[in-house]
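The exercises below each set a task and then work through its solution step by step.

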Amino acid sequence: DILRLWVVASDYSQDLSIGPNILKQMSDLYRRLRNTSRYLLGNLNGFSEAERVDQENMPELERWILHRLWQMDKRIREACTSYDFHGLFNELHHFCAVELSAFYFDIRKDALYCDGPNSLRRRAARTTLDNLYDCLVKWLAPFLCFTSEEVWLARNPSNDDSIHLQQFPNVHEAWRDDALAEKWSNIRRLRRAVTGALEKERAAKAIGSSLQAHPIVTAPRDLIDACAGLDMAEVCITSDITLLEGFPKDNNFILDEVPDVGVEVTLADGEKCVRCWKLLADVDTHKNPGVCGRCSDAVDALALDG
């Protein structure tokens with residue numbers, strides 16, 4: 001599969017090169033794609049149709065992922081028609097490594113691990129992961145033949161079925177949402193500035209985890225409006241966040257690529273929840289000791305299910 005990955009990643013309009021260092025790079029790229037599949041398989045364990053959430057009832061983040069799947073489907077079909085396999089690979093790798101692993105998976109791991117089993121947010125996330133699984137395993141199958149077969153049979157055990165008997169998925173036109181995509185482009189710009197500030201504080205050992213932080217963000221009105229109605233602490237993986245309209249201050253962290261957003265990182269108030277690790281004011285004020293209200297309810301729900 002690593003050699004096949006080198007073939008599909010190569011730009012055959014130029015001279016091709018291969019050697020130990022190139023194959024090592026391909027091994028690293030392969031590992032990222034395989035880890036994406038592992039994340040999907042692990043978090044889809046026990047998923048059933050009864051858990052599925054309709055698109056209109058999903059949070060914005062899940063609907064944005066569905067829109068990206070719609071976009072990816074168009075791009076992949078165009079690439080196959082024009083034999084642009086190098087471009088196809090770049091699109092798939094960027095989607096898995098940047099938009100999924102470093103963004104969507106990173107945000108949603110809290111809901112997947114800590115929300116109660118019947119939480120709408122968790123069910124919507126698992127529904128989206130199921131859609132991602134169906135698309136990715138079929139898109140990757142032509143060049144990650146053995147790995148895709150392994151991933152397919154892990155959820156669809158059979159002696160006579162194969163991923164190579166499947167067609168590309170039929171992505172719903174209803175998943176397209178251009179307005180939502182534009183909105184989340186602004187949200188991701190703001191998040192990049194916050195993430196940059198958190199990384200700087202972590203490198204200086206001012207914080208150990210982003211959940212110890214309460215960033216104060218100063219941004220233009222259009223970015224503030226884009227965040228309205230969203231839990232931006234959840235999106236930025238912090239325990240709290242404050243958004244202010246205005247211009248960055250002199251003492252703010254400013255990311256070069258987002259010059260109109262300033263971030264000051266302060267420490268979050270409250271006690272650490274032993275379950276979700278957020279610093280919150282309501283920790284240890286509920287039925288179950290040492291946890292926040294969300295986690296206390298989840299523990300009760302799990303006890304009832306057990």
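**Exercise 1.** Which two strands form a hairpin, and how many residues lie between them?

Solution. The model is predicted, so to speak of local features pLDDT of at least 70 is needed, side-chain atom pairs count only at pLDDT 80 or more, and totals for chains, interfaces and linings use all residues. Residues are numbered from 1 along each chain as its sequence is written, and side-chain values use heavy atoms, with hydrogens and water left out. Strands are DSSP runs of E with at least two residues, helices are runs of H or I with at least four, and both are numbered from the N terminus. The hairpin is formed by S3 and S4, with two residues between them. Strand S3 covers residues 253-255 and pairs with S4 in the antiparallel sense over two bridges, where pairing requires that DSSP find at least two bridges between the strands. Within this pair, Leu255 stands opposite Val258 of S4.

**Exercise 2.** Find the strands that are joined to S1, and state the direction of each pairing.

Solution. Begin with S4 (residues 258-267), which is joined to S1 by six bridges and runs antiparallel to it; here Val217 has Val263 as its bridge partner in S4. Continue with S2 (residues 242-245), which runs parallel to S1 and is joined to it by four bridges; here the bridge partner of Ala219 is Glu245 in S2.

**Exercise 3.** Why is S1 described as largely enclosed by the rest of the structure?

Solution. A residue is buried when its relative accessible area is under 20%, exposed when it is over 50%, and partly exposed in between, using a 1.4 Å probe and protein chains only. Strand S1 spans residues 213-219, and six of its seven residues are buried, so the strand is largely enclosed. For the chain as a whole, 47% of the 306 residues count as buried.

**Exercise 4.** Describe the chain as a whole, from its elements to its dimensions.

Solution. The chain contains ten helices and six strands. Its radius of gyration is 21 Å, close to the 19 Å that the globule rule gives for 306 residues, so the chain is as compact as a globular protein of that length; this radius is taken over C-alpha atoms, and the rule is 2.2 Å times the number of residues to the power 0.38. Along the principal axes, the C-alpha atoms fill a box of roughly 55 × 50 × 40 Å.
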